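User: Hi! Could you walk me through this model?
Analyst: Happy to, let's have a look together.

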Amino acid sequence: MNDNNPYISHPPTSPTDMPNAVIPSEAAIVAVEPAVSSVGSVLPRHIAGILDNLVAIVISILAAKSVSDDQPMVQVLALVTAYFAYFLGFEGLISRTPGKLLTGIVVLQFDGSRCTWRQTLIRTVMRVLEVNPLLFGAIPAALSILMSRNHQRFGDKLAGTIVVQSWRIRRQR
């Protein structure tokens with residue numbers, strides 16, 4: 001409040017005007033940098049995404065077709081499960097899908113180590129929103145990758161992962 005007019009408030013101008021305020025240190029403001037740079041990973045990542053989606057869709061259709069036509073709900077469940085299992089299985093086991101392997105990229109934690117099963121699960125679950133053909137296709141993921149500082153999609157940000165070129169790992173080690 002202002003001394004002259006009790007209905008006008010002014011923001012505090014110095015830390016002494018805010019006796020209980022927590023002032024972040026300069027170190028807390030600096031953004032965390034990944035151990036391995038994601039420079040040059042955007043195009044290979046999009047190519048890998050296209051390849052992986054094609055393969056995952058074919059596997060999903062085969063899984064759905066293996067179920068009797070008398071059980072359409074089970075077919076849908078098989079289709080969805082096979083699609084997500086493709087990404088979860090490969091990234092959980094070897095930190096990359098076949099598309100990522102062919103394009104020379106890998107999913108890592110920010111510190112440069114392999115991603116965990118928990119991180120892989122987060123990335124896979126976020127695919128429901130980011131790469132859903134019923135919503136906006138892969139547009140949210142593509143825009144996030146292009147616009148974020150470390151070329152991360154939302155699933156990467158939540159999981160604390162980054163996609164990098166494999167040769168960058170070998171060079172840094």
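**Helix packing and surface**

Analyst: Let's start with a helix pair: H2 passes H6 in a right-handed crossing (right-handed if the near helix is turned clockwise from the far one by less than a right angle, left-handed if anticlockwise). Helices here are DSSP runs of H or I with at least four residues, numbered from the N terminus. This is a predicted model, where local features need pLDDT of at least 70, side-chain atom pairs count only at pLDDT 80 or more, and totals for chains, interfaces and linings use all residues. Residues are numbered from 1 along each chain as its sequence is written, and side-chain values use heavy atoms, leaving out hydrogens and water.

User: Thanks! At what angle do H2 and H6 pack?
Analyst: About 165°, with the axes 11 Å apart; H2 covers residues 42-65. Axes are lines fitted to C-alpha atoms, for helices over the stretch in contact, and angles run from 0 to 180 degrees between N-to-C directions.

User: So what does that make H2 relative to H6?
Analyst: Roughly antiparallel, a label for angles over 145 degrees.

User: And how do H3 and H5 cross?
Analyst: The axes of H3 (residues 72-94) and H5 cross at roughly 155° and come within 9 Å. H3 and H5 are therefore roughly antiparallel too, and H3 passes H5 in a right-handed crossing.

User: New topic: which residues make the nonpolar surface patch?
Analyst: Val128, Leu129, Leu135, Phe136, Ile139, Leu143, Leu146 and Met147, over about 840 Å². Patch residues have over 30% relative accessible area and no salt bridge, and nonpolar side chains (Val, Leu, Ile, Met, Phe, Trp, Tyr) are joined within 5 Å. A salt bridge is a side-chain nitrogen of Lys or Arg within 4 Å of a carboxyl oxygen of Asp or Glu. Areas come from Shrake-Rupley with a 1.4 Å probe.

User: Which helix gives the most to the patch?
Analyst: H6, with four residues. H5 (117-130) and H6 (139-147) each supply at least two.

User: Where is Leu135, then?
Analyst: In the loop between H5 and H6. Leu135 counts as partly exposed because its relative accessibility is 46%; buried is under 20%, exposed over 50%, and partly exposed in between.

User: Which non-glycine residues have a positive phi?
Analyst: Ser95, at about 60°, and His151, at about 55°, are both examples.

User: Are those two buried or exposed?
Analyst: Ser95 is buried at 1% relative accessible area, and His151 counts as buried at 18%. Ser95 sits in the loop between H3 and H4 (98-103), while His151 is in the loop between H6 and H7 (154-159).

Technical notes: Patch = residues over 30% accessible without salt bridge, like charges linked within 9 Å, V, L, I, M, F, W, Y side chains within 5 Å. Buried < 20%, exposed > 50% of the residue type's maximum accessible area, 1.4 Å probe, protein only. Parallel < 35°, antiparallel > 145°, perpendicular 65-115°, else oblique.
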